[in-house]
Amino acid sequence: MKQEGLHSAEFAFEYSAPEELIISLPDAHFKGAVEVNAFVTLDGKDVYADIDLTYVISCACSRCLERAEGKVNHSFSVKFSLYEEEGAYLYKSGKIDLTLCVNEEIIISQPTVIYCKDDCKGLCLICGANLNHGDCGHGNI
Ligand SMILES: [Zn+2]
Ligand SMILES: [Zn+2]
């Protein structure tokens, strides 16, 4: 985006996140695009961005392995600087690139487990039956 002459701007876009960003969930992919809402403020030569991410991951349920979905809302703030600075991202030529920070925050914010439902009963350790579908008689419930 172009920043010249602007003091603040709010914008929203959809980002097709690469699947490699999903780090520990089994058989997982992004369901649809990542929604990014950004409020960007120019302060001197620094740019501050308040960003909201919303995305849905579809994966195998962490208990029963059936399909499950987890929706994530995550807010964060970042600073962009023209100079190397700890905790800030670099920007050049009046443009900031949100890709790097959005990618990092997707990794930080994603859950390590997603269940098909809050009270998923999982699989029987003896026969592997999905206990959501009924009791297999092995004393799991
Ligand atoms: Zn489940
Ligand atoms: Zn069983």
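Buried means under 20% relative accessible area, exposed over 50% and partly exposed in between, with a 1.4 Å probe and protein chains only. I'm working on a predicted model, where local features need pLDDT of at least 70, side-chain atom pairs count only at pLDDT 80 or more, and totals for chains, interfaces and linings use all residues. Residues are numbered from 1 along each chain as its sequence is written, chains are lettered from A and ligands numbered from 1 in the order written, and side-chain values use heavy atoms, leaving out hydrogens and water.

**Zinc, ligand 1.** I looked up the donors (N, O and S atoms within 2.8 Å of the metal, 3.2 Å for Na, K and Ca; water is not among the atoms, so sites may look incomplete). I found Cys61, Cys64, Cys116 and Cys120, each through SG, at 2.2 to 2.3 Å. Their spacing in sequence reads C-x2-C-x51-C-x3-C. I get angles of 107 to 116°, so the site is tetrahedral (for four donors, all angles between 85 and 135 degrees). Cys64 is buried at 5%, and Cys61 is buried at 0%.

**Zinc, ligand 2.** Here I see SG of Cys124, Cys127 and Cys136 plus ND1 of His138, at 2.0 to 2.4 Å. The spacing is C-x2-C-x8-C-x1-H, and with angles of 106 to 113° this site is tetrahedral.

**Thr112.** I have Thr112 as exposed, at 61% relative accessibility. Leaving aside residues up to four places away in sequence, Thr112 touches Ser24 and Leu25 (contact means heavy atoms within 4.5 Å). I also noted that Thr112 and Gly94 are 18 residues apart in sequence and 37 Å apart in space, C-alpha to C-alpha.

Note on methods
Tetrahedral: all angles 85-135°; square planar, octahedral: opposite > 155°, others 65-115°.
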